Amino acid sequence: MSLTIRDALNFGGLKKCKLVAGSKGLSNIILHTNSMEIPDIEPWLTKGELLVTTGYALKSSSINLIDLINIVYRTHASGIAIKTRFIGPFSKETIDLADELGVPLIEMPDDLPFVEVLTPLMKSIMDEHHSRLEYSQTIHNKFIDLELNGGGFSAISSVLYTLLKLPNAIVDSNFEIETIKSSSANHTSSLNYFCNKLLSVPSILSFKNKPIVFYRDLETNTLYKIRKISNKDKIHGYLILEEDDEIQNEMADIIIDHATTAIALEFSKKTALDEQMKLIGNHFYLDIIAGNIKNEEEAKLRAFNLKWPSPPLRLAIFDVDQFDTIIKNKDEFYIQELKELILNTIRLHLKALTKNFSIIPRSDSFTCLLPHTCKKEELSKCINNIQNKVQANLHIELTVGISVIFDSYTSLHEANKDAREAIKISRLIGSNSRSIFIENNRLEQALLQVSDNDIIQKYIYDTIFILKYYDKKNGSQLLETLNQLILCMGIKTQAAQNLFLHRNTLMYRIKKIEHLTGYNLSDKNDLLSLAVAMKFYPFVAKNKIYK
(Lines give C-alpha, C1' and ligand atoms only; values in the text may rest on other atoms or scores of the structure.)
Protein backbone atom coordinates (compact mmCIF):
# COMPACT_ATOMS: atom_id res chain seq x y z
CA MET A 1 0.00 0.00 0.00
CA SER A 2 1.53 3.36 -1.01
CA LEU A 3 2.37 5.94 1.65
CA THR A 4 0.01 8.95 1.49
CA ILE A 5 0.00 12.36 3.21
CA ARG A 6 -2.87 11.08 5.38
CA ASP A 7 -0.75 8.10 6.49
CA ALA A 8 2.33 10.23 7.12
CA LEU A 9 0.44 12.59 9.47
CA ASN A 10 -0.24 9.64 11.78
CA PHE A 11 3.33 8.57 12.63
CA GLY A 12 6.83 9.91 13.31
CA GLY A 13 7.54 13.60 13.54
CA LEU A 14 4.64 14.59 11.29
CA LYS A 15 2.26 13.35 14.00
CA LYS A 16 3.26 16.51 15.90
CA CYS A 17 2.45 18.70 12.87
CA LYS A 18 -0.80 20.36 11.79
CA LEU A 19 -2.51 20.27 8.40
CA VAL A 20 -3.36 23.92 7.74
CA ALA A 21 -4.84 23.62 4.21
CA GLY A 22 -5.10 21.40 1.12
CA SER A 23 -7.13 18.55 2.64
CA LYS A 24 -8.18 17.52 -0.91
CA GLY A 25 -4.60 16.28 -1.38
CA LEU A 26 -4.47 13.98 1.64
CA SER A 27 -4.49 10.95 -0.67
CA ASN A 28 -1.40 12.23 -2.53
CA ILE A 29 1.26 9.52 -2.60
CA ILE A 30 4.71 10.24 -1.12
CA LEU A 31 7.42 8.65 -3.25
CA HIS A 32 10.38 10.78 -2.05
CA THR A 33 11.28 13.56 0.40
CA ASN A 34 13.16 16.78 -0.28
CA SER A 35 14.62 19.18 2.30
CA MET A 36 16.59 21.54 0.05
CA GLU A 37 16.71 25.24 1.09
CA ILE A 38 17.17 27.09 -2.21
CA PRO A 39 15.16 29.95 -3.79
CA ASP A 40 14.62 28.27 -7.20
CA ILE A 41 13.34 24.88 -6.07
CA GLU A 42 11.20 24.05 -9.12
CA PRO A 43 13.89 22.27 -11.23
CA TRP A 44 14.65 20.00 -8.26
CA LEU A 45 11.12 18.92 -7.35
CA THR A 46 9.71 15.69 -8.78
CA LYS A 47 6.35 13.97 -8.86
CA GLY A 48 5.29 12.49 -5.50
CA GLU A 49 7.90 14.41 -3.51
CA LEU A 50 7.15 15.88 -0.06
CA LEU A 51 9.03 19.15 0.43
CA VAL A 52 10.19 19.59 4.06
CA THR A 53 11.56 23.12 4.61
CA THR A 54 12.22 25.86 7.19
CA GLY A 55 11.11 28.48 4.67
CA TYR A 56 14.44 30.26 5.09
CA ALA A 57 14.97 30.54 1.31
CA LEU A 58 11.66 32.42 0.99
CA LYS A 59 12.81 35.09 3.44
CA SER A 60 15.30 36.72 1.08
CA SER A 61 13.87 35.55 -2.24
CA SER A 62 11.45 37.02 -4.77
CA ILE A 63 9.53 33.72 -4.45
CA ASN A 64 6.92 33.70 -1.68
CA LEU A 65 4.82 30.88 -0.21
CA ILE A 66 2.05 31.40 -2.80
CA ASP A 67 4.63 30.90 -5.58
CA LEU A 68 5.92 27.78 -3.81
CA ILE A 69 2.39 26.29 -3.60
CA ASN A 70 1.96 26.85 -7.35
CA ILE A 71 5.35 25.19 -8.02
CA VAL A 72 4.38 22.13 -5.95
CA TYR A 73 1.09 21.91 -7.88
CA ARG A 74 2.81 22.21 -11.29
CA THR A 75 5.44 19.57 -10.51
CA HIS A 76 2.83 17.17 -9.04
CA ALA A 77 4.80 17.04 -5.79
CA SER A 78 2.80 15.58 -2.89
CA GLY A 79 2.82 18.53 -0.47
CA ILE A 80 4.70 21.04 1.72
CA ALA A 81 5.76 20.66 5.37
CA ILE A 82 7.09 24.04 6.52
CA LYS A 83 8.15 25.94 9.65
CA THR A 84 6.88 29.51 10.14
CA ARG A 85 9.89 30.95 11.99
CA PHE A 86 11.15 32.82 8.92
CA ILE A 87 7.92 33.43 6.97
CA GLY A 88 5.46 34.29 9.74
CA PRO A 89 1.79 33.16 9.99
CA PHE A 90 0.02 31.83 6.90
CA SER A 91 -2.11 34.42 5.13
CA LYS A 92 -5.73 33.77 4.18
CA GLU A 93 -4.75 34.02 0.50
CA THR A 94 -2.12 31.27 1.00
CA ILE A 95 -4.59 28.96 2.77
CA ASP A 96 -7.30 29.53 0.14
CA LEU A 97 -4.89 28.74 -2.73
CA ALA A 98 -3.66 25.52 -1.07
CA ASP A 99 -7.29 24.44 -0.52
CA GLU A 100 -8.22 25.29 -4.11
CA LEU A 101 -5.29 23.39 -5.65
CA GLY A 102 -5.40 20.49 -3.21
CA VAL A 103 -1.79 21.04 -2.14
CA PRO A 104 -1.38 19.83 1.49
CA LEU A 105 0.15 22.64 3.56
CA ILE A 106 1.55 21.26 6.83
CA GLU A 107 2.77 23.53 9.66
CA MET A 108 5.79 22.13 11.54
CA PRO A 109 6.70 23.24 15.09
CA ASP A 110 9.81 25.41 15.02
CA ASP A 111 11.59 23.17 17.53
CA LEU A 112 10.88 19.91 15.65
CA PRO A 113 14.14 18.42 14.28
CA PHE A 114 14.02 17.43 10.60
CA VAL A 115 15.45 14.01 11.44
CA GLU A 116 12.28 13.14 13.37
CA VAL A 117 10.26 13.81 10.21
CA LEU A 118 12.54 12.47 7.48
CA THR A 119 13.85 9.23 9.07
CA PRO A 120 10.43 7.59 9.70
CA LEU A 121 9.25 8.73 6.27
CA MET A 122 12.26 7.26 4.45
CA LYS A 123 11.96 3.99 6.40
CA SER A 124 8.27 3.70 5.50
CA ILE A 125 8.98 4.50 1.84
CA MET A 126 11.79 1.91 1.66
CA ASP A 127 9.69 -0.75 3.43
CA GLU A 128 6.79 -0.12 1.06
CA HIS A 129 9.14 -0.23 -1.96
CA HIS A 130 10.62 -3.53 -0.77
CA SER A 131 7.13 -4.96 -0.21
CA ARG A 132 6.07 -3.86 -3.69
CA LEU A 133 9.12 -5.52 -5.27
CA GLU A 134 8.45 -8.78 -3.43
CA TYR A 135 4.82 -8.74 -4.51
CA SER A 136 5.81 -7.92 -8.09
CA GLN A 137 8.22 -10.87 -8.14
CA THR A 138 5.52 -13.19 -6.79
CA ILE A 139 3.04 -12.12 -9.50
CA HIS A 140 5.77 -12.30 -12.15
CA ASN A 141 6.55 -15.89 -11.19
CA LYS A 142 2.86 -16.81 -11.26
CA PHE A 143 2.40 -15.60 -14.85
CA ILE A 144 5.74 -17.02 -16.01
CA ASP A 145 4.72 -20.45 -14.68
CA LEU A 146 1.45 -20.02 -16.54
CA GLU A 147 3.25 -19.35 -19.84
CA LEU A 148 5.73 -22.20 -19.35
CA ASN A 149 2.84 -24.59 -18.78
CA GLY A 150 1.04 -23.43 -21.93
CA GLY A 151 -1.91 -21.87 -20.14
CA GLY A 152 -3.05 -19.59 -22.96
CA PHE A 153 -5.44 -16.62 -22.92
CA SER A 154 -8.11 -18.44 -20.91
CA ALA A 155 -5.72 -19.29 -18.06
CA ILE A 156 -4.35 -15.73 -17.93
CA SER A 157 -7.89 -14.35 -17.78
CA SER A 158 -8.80 -16.80 -14.98
CA VAL A 159 -5.75 -15.87 -12.87
CA LEU A 160 -6.56 -12.19 -13.36
CA TYR A 161 -10.11 -12.77 -12.15
CA THR A 162 -8.87 -14.73 -9.12
CA LEU A 163 -6.41 -11.98 -8.12
CA LEU A 164 -8.51 -8.90 -8.88
CA LYS A 165 -12.10 -10.22 -8.67
CA LEU A 166 -12.82 -8.13 -11.78
CA PRO A 167 -14.63 -9.43 -14.90
CA ASN A 168 -12.21 -9.20 -17.81
CA ALA A 169 -11.84 -9.91 -21.52
CA ILE A 170 -8.87 -10.30 -23.85
CA VAL A 171 -9.44 -9.21 -27.47
CA ASP A 172 -7.14 -9.01 -30.47
CA SER A 173 -6.44 -5.86 -32.48
CA ASN A 174 -9.64 -6.42 -34.48
CA PHE A 175 -11.64 -6.72 -31.23
CA GLU A 176 -12.28 -10.41 -31.81
CA ILE A 177 -12.70 -11.94 -28.35
CA GLU A 178 -10.04 -14.44 -27.33
CA THR A 179 -11.54 -15.13 -23.88
CA ILE A 180 -13.89 -13.68 -21.25
CA LYS A 181 -13.89 -14.41 -17.52
CA SER A 182 -16.67 -13.22 -15.22
CA SER A 183 -18.83 -14.34 -12.33
CA SER A 184 -22.16 -14.22 -14.14
CA ALA A 185 -23.84 -14.39 -17.54
CA ASN A 186 -24.79 -10.71 -17.16
CA HIS A 187 -21.14 -9.64 -16.86
CA THR A 188 -20.20 -11.85 -19.82
CA SER A 189 -22.98 -10.33 -21.91
CA SER A 190 -21.94 -6.82 -20.86
CA LEU A 191 -18.30 -7.42 -21.86
CA ASN A 192 -19.42 -8.94 -25.18
CA TYR A 193 -21.53 -5.87 -25.86
CA PHE A 194 -18.67 -3.50 -24.97
CA CYS A 195 -16.20 -5.35 -27.24
CA ASN A 196 -18.63 -4.95 -30.15
CA LYS A 197 -18.99 -1.28 -29.26
CA LEU A 198 -15.22 -0.82 -29.47
CA LEU A 199 -15.37 -2.15 -33.03
CA SER A 200 -18.03 0.36 -34.07
CA VAL A 201 -16.70 3.32 -31.99
CA PRO A 202 -12.87 3.03 -32.12
CA SER A 203 -12.51 6.65 -30.90
CA ILE A 204 -13.04 5.24 -27.38
CA LEU A 205 -9.43 3.99 -27.58
CA SER A 206 -7.77 7.41 -27.42
CA PHE A 207 -4.61 6.34 -25.55
CA LYS A 208 -2.51 9.44 -26.39
CA ASN A 209 0.79 7.66 -25.62
CA LYS A 210 -0.62 6.13 -22.42
CA PRO A 211 -0.94 2.37 -21.92
CA ILE A 212 -4.34 2.58 -20.18
CA VAL A 213 -7.60 4.44 -20.81
CA PHE A 214 -10.77 4.55 -18.70
CA TYR A 215 -14.18 4.67 -20.32
CA ARG A 216 -17.57 4.86 -18.63
CA ASP A 217 -20.36 3.34 -20.68
CA LEU A 218 -23.30 5.64 -19.95
CA GLU A 219 -25.82 3.06 -21.18
CA THR A 220 -24.84 0.55 -18.50
CA ASN A 221 -23.04 2.96 -16.11
CA THR A 222 -20.09 0.57 -16.17
CA LEU A 223 -16.51 1.81 -15.89
CA TYR A 224 -14.00 -0.06 -18.07
CA LYS A 225 -10.22 -0.05 -17.82
CA ILE A 226 -8.64 -0.81 -21.20
CA ARG A 227 -4.97 -1.79 -21.33
CA LYS A 228 -3.18 -1.76 -24.68
CA ILE A 229 -1.15 -4.87 -25.53
CA SER A 230 1.68 -3.86 -27.84
CA ASN A 231 5.18 -4.79 -28.90
CA LYS A 232 7.55 -2.59 -30.90
CA ASP A 233 4.76 -0.03 -31.54
CA LYS A 234 2.49 -2.73 -33.02
CA ILE A 235 -0.81 -3.24 -31.20
CA HIS A 236 -1.66 -6.92 -30.79
CA GLY A 237 -4.81 -6.53 -28.70
CA TYR A 238 -6.41 -5.18 -25.54
CA LEU A 239 -7.12 -6.27 -21.97
CA ILE A 240 -10.51 -5.00 -20.83
CA LEU A 241 -11.55 -4.97 -17.15
CA GLU A 242 -14.79 -3.90 -15.50
CA GLU A 243 -13.96 -1.47 -12.70
CA ASP A 244 -15.94 -0.35 -9.65
CA ASP A 245 -14.44 3.15 -9.69
CA GLU A 246 -11.40 5.08 -10.87
CA ILE A 247 -9.43 4.73 -7.62
CA GLN A 248 -5.96 3.48 -8.50
CA ASN A 249 -4.74 0.41 -6.63
CA GLU A 250 -1.00 0.02 -6.96
CA MET A 251 -1.00 -3.74 -6.34
CA ALA A 252 -3.73 -4.16 -8.96
CA ASP A 253 -1.57 -2.20 -11.40
CA ILE A 254 1.33 -4.59 -10.72
CA ILE A 255 -0.92 -7.56 -11.50
CA ILE A 256 -2.19 -5.93 -14.69
CA ASP A 257 1.38 -5.06 -15.80
CA HIS A 258 2.54 -8.67 -15.47
CA ALA A 259 -0.67 -10.00 -17.04
CA THR A 260 -0.08 -7.65 -19.97
CA THR A 261 3.39 -9.12 -20.51
CA ALA A 262 1.96 -12.66 -20.46
CA ILE A 263 -0.80 -11.67 -22.90
CA ALA A 264 1.76 -10.04 -25.23
CA LEU A 265 3.78 -13.28 -25.22
CA GLU A 266 0.62 -15.24 -25.99
CA PHE A 267 -0.20 -12.94 -28.91
CA SER A 268 3.38 -13.33 -30.20
CA LYS A 269 3.00 -17.12 -30.13
CA LYS A 270 -0.39 -16.85 -31.84
CA THR A 271 1.03 -14.56 -34.55
CA ALA A 272 3.92 -16.96 -35.22
CA LEU A 273 1.51 -19.89 -35.44
CA ASP A 274 -0.85 -17.97 -37.73
CA GLU A 275 2.04 -17.08 -40.05
CA GLN A 276 3.10 -20.72 -40.20
CA MET A 277 -0.47 -21.83 -40.94
CA LYS A 278 -0.74 -19.18 -43.67
CA LEU A 279 2.42 -20.53 -45.28
CA ILE A 280 1.17 -24.12 -45.13
CA GLY A 281 -2.24 -23.04 -46.46
CA ASN A 282 -0.61 -21.19 -49.36
CA HIS A 283 1.47 -24.21 -50.32
CA PHE A 284 -1.56 -26.50 -50.12
CA TYR A 285 -3.64 -24.13 -52.27
CA LEU A 286 -0.87 -23.85 -54.86
CA ASP A 287 -0.57 -27.64 -54.94
CA ILE A 288 -4.27 -27.99 -55.68
CA ILE A 289 -4.51 -25.36 -58.43
CA ALA A 290 -1.31 -26.73 -59.99
CA GLY A 291 -2.99 -30.14 -60.18
CA ASN A 292 -0.48 -31.81 -57.86
CA ILE A 293 -3.22 -33.15 -55.57
CA LYS A 294 -5.75 -35.38 -57.30
CA ASN A 295 -6.86 -37.50 -54.33
CA GLU A 296 -9.85 -35.93 -52.59
CA GLU A 297 -9.24 -37.84 -49.35
CA GLU A 298 -5.73 -36.41 -49.09
CA ALA A 299 -7.12 -32.95 -49.78
CA LYS A 300 -9.80 -33.37 -47.10
CA LEU A 301 -7.24 -34.39 -44.47
CA ARG A 302 -4.96 -31.43 -45.18
CA ALA A 303 -7.91 -29.02 -45.35
CA PHE A 304 -9.19 -30.33 -42.00
CA ASN A 305 -5.81 -29.61 -40.36
CA LEU A 306 -5.94 -26.08 -41.77
CA LYS A 307 -9.53 -25.63 -40.51
CA TRP A 308 -10.84 -24.88 -43.99
CA PRO A 309 -14.64 -24.99 -44.43
CA SER A 310 -16.03 -28.19 -45.97
CA PRO A 311 -17.47 -28.37 -49.50
CA PRO A 312 -19.76 -27.36 -51.15
CA LEU A 313 -17.87 -24.07 -51.39
CA ARG A 314 -17.63 -20.88 -53.39
CA LEU A 315 -14.38 -19.06 -54.15
CA ALA A 316 -14.04 -15.26 -54.03
CA ILE A 317 -10.72 -13.64 -55.00
CA PHE A 318 -10.06 -10.02 -53.97
CA ASP A 319 -7.38 -8.64 -56.31
CA VAL A 320 -5.63 -5.31 -55.64
CA ASP A 321 -5.77 -2.99 -58.66
CA GLN A 322 -2.41 -1.54 -59.79
CA PHE A 323 -0.60 -3.24 -56.92
CA ASP A 324 2.87 -2.73 -58.46
CA THR A 325 2.25 1.02 -58.70
CA ILE A 326 1.00 1.20 -55.10
CA ILE A 327 4.07 -0.51 -53.61
CA LYS A 328 6.63 1.18 -55.87
CA ASN A 329 9.51 2.60 -53.78
CA LYS A 330 7.86 1.35 -50.55
CA ASP A 331 9.71 -0.73 -47.96
CA GLU A 332 8.71 -4.25 -46.93
CA PHE A 333 7.25 -3.08 -43.61
CA TYR A 334 4.85 -0.68 -45.38
CA ILE A 335 3.78 -3.39 -47.83
CA GLN A 336 3.11 -5.94 -45.09
CA GLU A 337 1.17 -3.42 -43.01
CA LEU A 338 -0.93 -2.48 -46.04
CA LYS A 339 -1.73 -6.12 -46.81
CA GLU A 340 -2.58 -6.73 -43.15
CA LEU A 341 -5.04 -3.83 -43.14
CA ILE A 342 -6.78 -5.15 -46.27
CA LEU A 343 -6.83 -8.68 -44.86
CA ASN A 344 -8.37 -7.48 -41.58
CA THR A 345 -11.05 -5.51 -43.42
CA ILE A 346 -12.01 -8.57 -45.48
CA ARG A 347 -12.00 -10.81 -42.41
CA LEU A 348 -14.18 -8.50 -40.29
CA HIS A 349 -16.85 -8.12 -42.98
CA LEU A 350 -16.90 -11.82 -43.88
CA LYS A 351 -17.22 -12.68 -40.20
CA ALA A 352 -20.51 -10.74 -40.14
CA LEU A 353 -21.68 -12.87 -43.07
CA THR A 354 -20.51 -16.31 -41.89
CA LYS A 355 -18.34 -17.75 -39.12
CA ASN A 356 -17.09 -20.56 -41.35
CA PHE A 357 -14.57 -19.24 -43.89
CA SER A 358 -10.85 -19.20 -44.68
CA ILE A 359 -8.66 -16.54 -46.29
CA ILE A 360 -5.49 -17.40 -48.22
CA PRO A 361 -3.34 -14.26 -48.65
CA ARG A 362 -1.25 -14.08 -51.81
CA SER A 363 1.21 -11.43 -53.00
CA ASP A 364 -1.43 -9.05 -54.41
CA SER A 365 -4.70 -10.86 -53.75
CA PHE A 366 -6.78 -12.56 -51.07
CA THR A 367 -8.50 -15.85 -51.87
CA CYS A 368 -11.56 -16.60 -49.74
CA LEU A 369 -13.17 -20.02 -49.29
CA LEU A 370 -16.84 -19.50 -48.44
CA PRO A 371 -19.57 -22.01 -47.57
CA HIS A 372 -22.31 -22.51 -50.18
CA THR A 373 -24.87 -21.38 -47.59
CA CYS A 374 -23.83 -17.73 -48.16
CA LYS A 375 -26.68 -16.27 -50.20
CA LYS A 376 -25.62 -14.64 -53.43
CA GLU A 377 -27.32 -11.30 -52.69
CA GLU A 378 -25.85 -11.10 -49.19
CA LEU A 379 -22.38 -12.06 -50.44
CA SER A 380 -22.57 -9.41 -53.16
CA LYS A 381 -23.52 -6.76 -50.58
CA CYS A 382 -20.71 -7.88 -48.25
CA ILE A 383 -18.14 -7.69 -51.08
CA ASN A 384 -19.35 -4.22 -52.02
CA ASN A 385 -18.99 -3.07 -48.39
CA ILE A 386 -15.42 -4.43 -48.29
CA GLN A 387 -14.51 -2.63 -51.52
CA ASN A 388 -15.97 0.65 -50.27
CA LYS A 389 -14.23 0.36 -46.88
CA VAL A 390 -10.81 -0.35 -48.41
CA GLN A 391 -11.25 2.46 -50.92
CA ALA A 392 -12.32 4.95 -48.22
CA ASN A 393 -9.61 4.04 -45.69
CA LEU A 394 -6.66 3.11 -47.92
CA HIS A 395 -7.55 4.65 -51.31
CA ILE A 396 -7.10 1.23 -52.92
CA GLU A 397 -9.45 -0.41 -55.43
CA LEU A 398 -10.24 -4.12 -55.23
CA THR A 399 -11.61 -6.15 -58.12
CA VAL A 400 -13.39 -9.33 -57.07
CA GLY A 401 -14.08 -12.51 -59.03
CA ILE A 402 -16.47 -15.13 -57.67
CA SER A 403 -16.63 -18.74 -58.82
CA VAL A 404 -19.62 -21.07 -59.06
CA ILE A 405 -20.33 -23.41 -56.14
CA PHE A 406 -18.13 -26.54 -56.30
CA ASP A 407 -18.36 -29.85 -54.44
CA SER A 408 -14.75 -30.91 -53.78
CA TYR A 409 -11.37 -29.47 -52.82
CA THR A 410 -9.82 -30.86 -55.99
CA SER A 411 -12.28 -28.69 -57.95
CA LEU A 412 -10.46 -25.63 -56.60
CA HIS A 413 -8.34 -25.68 -59.76
CA GLU A 414 -11.37 -24.85 -61.94
CA ALA A 415 -12.87 -22.51 -59.34
CA ASN A 416 -9.62 -20.52 -59.18
CA LYS A 417 -9.57 -20.29 -62.99
CA ASP A 418 -13.19 -19.08 -63.03
CA ALA A 419 -12.61 -16.45 -60.35
CA ARG A 420 -9.43 -15.19 -62.04
CA GLU A 421 -11.21 -14.92 -65.39
CA ALA A 422 -14.08 -13.07 -63.70
CA ILE A 423 -11.53 -10.49 -62.48
CA LYS A 424 -10.14 -10.12 -66.03
CA ILE A 425 -13.65 -9.70 -67.44
CA SER A 426 -14.52 -7.03 -64.86
CA ARG A 427 -11.44 -5.02 -65.77
CA LEU A 428 -11.87 -5.45 -69.53
CA ILE A 429 -15.53 -4.48 -69.73
CA GLY A 430 -15.24 -1.79 -67.04
CA SER A 431 -17.91 -3.20 -64.75
CA ASN A 432 -19.30 -0.59 -62.35
CA SER A 433 -19.64 -3.08 -59.51
CA ARG A 434 -15.97 -4.21 -59.75
CA SER A 435 -17.16 -7.67 -58.71
CA ILE A 436 -18.38 -10.43 -61.02
CA PHE A 437 -20.03 -13.78 -60.44
CA ILE A 438 -18.69 -15.93 -63.27
CA GLU A 439 -22.02 -17.76 -63.62
CA ASN A 440 -23.60 -14.48 -64.76
CA ASN A 441 -20.88 -13.88 -67.36
CA ARG A 442 -20.38 -17.17 -69.18
CA LEU A 443 -20.64 -15.48 -72.59
CA GLU A 444 -17.91 -13.00 -71.65
CA GLN A 445 -15.82 -15.90 -70.34
CA ALA A 446 -16.16 -17.68 -73.69
CA LEU A 447 -15.21 -14.49 -75.56
CA LEU A 448 -12.15 -14.09 -73.31
CA GLN A 449 -10.98 -17.62 -74.01
CA VAL A 450 -11.23 -17.35 -77.84
CA SER A 451 -10.16 -13.71 -78.18
CA ASP A 452 -6.61 -14.70 -79.18
CA ASN A 453 -7.88 -16.39 -82.35
CA ASP A 454 -6.27 -14.76 -85.42
CA ILE A 455 -9.46 -14.78 -87.50
CA ILE A 456 -11.48 -13.16 -84.71
CA GLN A 457 -8.79 -10.54 -84.17
CA LYS A 458 -8.75 -9.66 -87.91
CA TYR A 459 -12.54 -9.48 -87.91
CA ILE A 460 -12.53 -6.99 -85.02
CA TYR A 461 -9.69 -5.03 -86.58
CA ASP A 462 -11.57 -4.65 -89.90
CA THR A 463 -14.67 -3.34 -88.13
CA ILE A 464 -14.40 -1.89 -84.65
CA PHE A 465 -10.73 -0.85 -84.71
CA ILE A 466 -11.21 0.90 -88.06
CA LEU A 467 -13.95 3.02 -86.47
CA LYS A 468 -11.91 3.63 -83.33
CA TYR A 469 -8.93 4.79 -85.39
CA TYR A 470 -11.15 7.09 -87.48
CA ASP A 471 -12.70 8.61 -84.31
CA LYS A 472 -9.28 9.23 -82.83
CA LYS A 473 -7.95 10.86 -86.01
CA ASN A 474 -11.03 13.02 -86.74
CA GLY A 475 -12.51 13.61 -83.30
CA SER A 476 -15.75 11.91 -84.34
CA GLN A 477 -18.08 9.53 -82.45
CA LEU A 478 -18.76 6.75 -84.91
CA LEU A 479 -18.08 3.94 -82.42
CA GLU A 480 -20.53 5.38 -79.87
CA THR A 481 -23.09 5.89 -82.65
CA LEU A 482 -22.79 2.23 -83.66
CA ASN A 483 -23.08 1.13 -80.05
CA GLN A 484 -26.31 3.11 -79.56
CA LEU A 485 -27.77 1.79 -82.80
CA ILE A 486 -27.07 -1.77 -81.62
CA LEU A 487 -28.60 -1.07 -78.19
CA CYS A 488 -31.71 0.35 -79.92
CA MET A 489 -31.87 -2.79 -82.15
CA GLY A 490 -31.50 -0.69 -85.30
CA ILE A 491 -34.30 1.76 -84.53
CA LYS A 492 -32.79 5.00 -85.83
CA THR A 493 -35.23 7.45 -84.22
CA GLN A 494 -34.51 6.00 -80.78
CA ALA A 495 -30.75 6.04 -81.39
CA ALA A 496 -30.88 9.70 -82.50
CA GLN A 497 -32.84 10.59 -79.38
CA ASN A 498 -30.34 8.81 -77.08
CA LEU A 499 -27.43 10.58 -78.79
CA PHE A 500 -29.23 13.96 -78.82
CA LEU A 501 -28.72 14.11 -82.61
CA HIS A 502 -30.81 15.37 -85.50
CA ARG A 503 -31.90 12.45 -87.71
CA ASN A 504 -29.86 13.83 -90.66
CA THR A 505 -26.71 13.90 -88.53
CA LEU A 506 -27.34 10.30 -87.49
CA MET A 507 -27.84 9.24 -91.11
CA TYR A 508 -24.56 10.93 -92.08
CA ARG A 509 -22.73 8.97 -89.38
CA ILE A 510 -24.40 5.70 -90.40
CA LYS A 511 -23.26 6.17 -94.01
CA LYS A 512 -19.73 6.85 -92.82
CA ILE A 513 -19.78 3.64 -90.69
CA GLU A 514 -21.12 1.63 -93.65
CA HIS A 515 -18.42 3.06 -95.89
CA LEU A 516 -15.59 2.23 -93.46
CA THR A 517 -16.77 -1.26 -92.50
CA GLY A 518 -18.55 -2.45 -95.62
CA TYR A 519 -21.61 -3.45 -93.54
CA ASN A 520 -25.22 -2.35 -94.20
CA LEU A 521 -26.69 -1.09 -90.91
CA SER A 522 -30.22 -1.43 -92.27
CA ASP A 523 -29.64 -5.16 -92.65
CA LYS A 524 -30.40 -7.03 -89.40
CA ASN A 525 -27.78 -9.72 -90.08
CA ASP A 526 -25.07 -7.10 -90.70
CA LEU A 527 -26.12 -5.24 -87.54
CA LEU A 528 -25.95 -8.50 -85.59
CA SER A 529 -22.45 -9.16 -86.96
CA LEU A 530 -21.31 -5.74 -85.77
CA ALA A 531 -22.99 -6.33 -82.38
CA VAL A 532 -20.90 -9.50 -82.02
CA ALA A 533 -17.81 -7.51 -82.98
CA MET A 534 -18.64 -4.89 -80.32
CA LYS A 535 -19.03 -7.64 -77.73
CA PHE A 536 -15.62 -9.04 -78.68
CA TYR A 537 -13.96 -5.64 -78.80
CA PRO A 538 -12.82 -5.26 -75.11
CA PHE A 539 -11.30 -8.75 -75.14
CA VAL A 540 -9.36 -8.26 -78.37
CA ALA A 541 -8.31 -4.73 -77.33
CA LYS A 542 -6.11 -6.22 -74.59
CA ASN A 543 -3.70 -7.46 -77.28
CA LYS A 544 -0.88 -4.95 -77.71
CA ILE A 545 -0.70 -5.47 -81.48
CA TYR A 546 -4.04 -3.69 -81.88
CA LYS A 547 -3.61 -0.93 -79.31
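Buried means under 20% relative accessible area, exposed means over 50%, and partly exposed is in between, with a 1.4 Å probe and protein chains only. Keep that in mind for what follows.

This is a predicted model: local features need pLDDT of at least 70, side-chain atom pairs count only at pLDDT 80 or more, and totals for chains, interfaces and linings use all residues. Residues are numbered from 1 along each chain as its sequence is written, and side-chain values use heavy atoms, with hydrogens and water left out.

Now the loops. Most residues other than glycine have a negative phi, and most peptide bonds are trans. Asn329 has a positive phi of about 65°, and it is not a glycine. Asn329 sits in the loop between α10 (323–326) and α11 (332–353). Helices here are DSSP runs of H or I with at least four residues, strands are runs of E with at least two, and both are numbered from the N terminus. Is Asn329 buried or exposed? Asn329 is exposed, because its relative accessible area is 75%.

Phe500 also has a positive phi, near 55°. Phe500 is in the loop between α17 and α18. With a relative accessible area of 79%, Phe500 is exposed.

Next, a cis peptide bond. Pro311 and Pro312 are joined by one, with omega about 5°. Pro312 lies in the loop between α9 (296–305) and β11 (313–320).

On to Cys488. This residue is in the loop between α16 (478–487) and α17 (492–499). Cys488 counts as buried, because its relative accessibility is 9%. What does Cys488 touch, not counting residues up to four places away in sequence? Cys488 touches Gln494, Ala495 and Asn498. Contact means heavy atoms within 4.5 Å. Cys488 and Asn498 are ten residues apart along the chain, and their C-alpha atoms are separated by 9.0 Å.

Now helix α15, residues 454–474. α15 bends by about 40° at Tyr461. That bend is the angle between axes fitted to the seven residues ending there and the seven starting there. Buried residues in α15 include Ile456, Ile460 and Phe465. Their cover includes α14 (442–450), α16, α18 (503–517) and α19 (524–541).

Last, helix α8. His258 lies in α8. His258 is buried, because its relative accessible area is 18%. Leaving aside neighbours within four places in sequence, His258 is in contact with Ser136, Ile139, His140 and Phe143. Ile280 is found in α8 too, residues 250–289. Ile280 is partly exposed, with a relative accessible area of 36%.
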